[in-house]
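Thanks for coming, everyone. I have one structure to walk through today. Please bring it up on your screens.

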Amino acid sequence: MAAINLKDIVKRYPDGFLAVKGVSLDIRDGEFVILVGPSGCGKSTLLRMIVGLEDISDGELRIGDAVVNDKAPRDRHLAMVFQNYALYPHLTVFENIAFPLRLQRGQFSEDEITAKVERAAKTLELQDHLQRKPANLSGGQRQRVAMGRAIVRDANAFLFDEPLSNLDAKLRGQMRTEIARMQRRLGTTTVYVTHDQTEAMTLGDRVAVLSKGELQQVASPRGLYEQPVNLFVAGFIGSPPMNFMPGEIEGDVLRLPFVDVPIDARLRERIGDRKIVIVGIRPEHFSDAGLLEDSKRSEGVSFDTEVDVTEWLGADLYAYIPFETSAEVAGTLAELDRDLDGEGMRTQLVVALDDESRIRDGDTA
Ligand code: ATP
């Protein structure tokens, strides 16, 4: 096992495209780190540079104590687990796991191979399936065989590139738990690429959020949710996404599209002397005031509004509430943060209410 350190890593593709723009990230020994971001943000490129499938244009990559920029993939001792697990259908589970050892011809005796495979199979709870073929395994078991291949090689780290993206939602959920359980048990340094924020939030010790080839924030899942450093991270983490709306400052009042909020000292400090700000409120931080006890209601700010559409999802009720922003305010806002690109400023508020809420389409609530 080993730590992986990236220092100012850059990837410029031969056509000149800058896919990774100076990323620095220290992954600790035994840590589970997720690289997450929208399509094209450079996360696969970064992973492929770590494993050695892609040249590093600039910067320094260390695995353990060694700089490995120019080392061949096989000398980095990393194990990549691919999306389709890349198992050999005609080989048994035993032979699939033994495969990397047999590749290193003559290095291991038959007894050593058996011992290593059996030890890995035990760790992965595959010992009863060693003589089966991949076709006769569940998705979860196949995933474990792929991890078994990584384990027998005593790899420095596991690297996963969107391993679950081809699976249906139910299996994806099961496999996610499986990977988390195995990683905790093995304690192997793991880097996991995904564009799925549920995977990012549930699997990682820390999550590195990328956008347009740049690292936006590295933090624990809770850290990202509670203290996003910019609008991109705030909007990317959370489902449904955070509502962004304009806020106009008038004296001691923050004027939102629905309600005026008094500005306390803490808020004042954050606002400074700005006149227009972007306000982000997560859908789950709204409540149906009709359901709240008086004491609770007085803790927040209440407003009446017309609900356009509601969606009932069992545990939650989403209510969509349209609002208008003048072109002038919207323009000012777009300039405030390039991450919004004019699109993030939504024209409706989404609120996630308790399923007990009786609010329905067209209601005033
Ligand atoms: P996805 O989730 O869609 O796989 P990603 O975040 O993993 O996206 P990368 O595959 O790392 O993204 O690609 C990052 C950027 O680099 C993209 O804009 C992509 O088009 C570009 N890119 C990838 N490979 C090459 C290449 N060989 N030459 C030029 N540009 C490339």
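One definition before we start. A nonpolar core here is a set of buried Ala, Val, Leu, Ile, Met, Phe, Trp, Tyr and Cys residues joined through C-beta atoms within 7 Å. Keep in mind that this is a predicted model.

So, which residues of the largest nonpolar core touch the most other members? They are I34, L35, I97, L159, V191 and A208, and the core has 78 residues. Helix α4, residues 139–152, supplies the largest share of this core, with six residues. As a general point, nonpolar side chains in soluble globular proteins tend to be buried together.

Take I97 as an example. Leaving out residues up to four places away in sequence, I97 touches V117, A120, A121, V145, G148, R149 and V152.

Now α4 itself. The helix has 14 residues. From first C-alpha to last, α4 reaches 20 Å, close to the 20 Å expected at 1.5 Å a residue. Is α4 mostly covered or mostly open? Mostly covered: ten of its 14 residues are buried. Those ten are Q143, R144, V145, A146, M147, G148, R149, A150, I151 and V152.

Next, the ligand. How many residues surround it? The count is 13, and the closest are Y13, A19, S39, S44 and T45. By class, that shell has seven polar, four nonpolar and two charged residues. Helix α1, residues 43–51, gives the most to the shell, with three residues.

Let me zoom out. The domain assignment gives domain 1 as 4–235 and domain 2 as 240–354. How far apart are their C-alpha centres? They lie 38 Å apart. The C-alpha atoms of the chain fill a box of roughly 80 × 45 × 35 Å along the principal axes. In secondary structure, the chain comes to eleven helices and 17 strands.

Two numbers for the whole chain to finish. Of its 365 residues, 32% are buried. Among contacts with a separation of 6 or more, 68% join residues 24 or more positions apart.

That's the tour.

Technical notes. Residues are numbered from 1 along each chain as its sequence is written. This is a predicted model: local features need pLDDT of at least 70, side-chain atom pairs count only at pLDDT 80 or more; totals for chains, interfaces and linings use all residues. A residue is near a molecule or strand if its C-beta atom, placed from the backbone, lies within 6 Å of it. Helices (H or I, at least four residues) and strands (E, at least two) are DSSP runs, numbered from the N terminus. Ala, Val, Leu, Ile, Met, Phe, Trp, Tyr, Cys and Pro count as nonpolar, Asp, Glu, Lys and Arg as charged, and the others, Gly among them, as polar. A residue is buried if 20 or more other C-beta atoms lie within 10 Å of its own, exposed if 12 or fewer, and partly exposed in between; C-beta atoms are placed from the backbone. Two residues are in contact if their C-beta atoms, placed from the backbone, lie within 7 Å. Domain bounds come from an automatic or database domain assignment. The expected span of a helix is 1.5 Å times one less than its number of residues.
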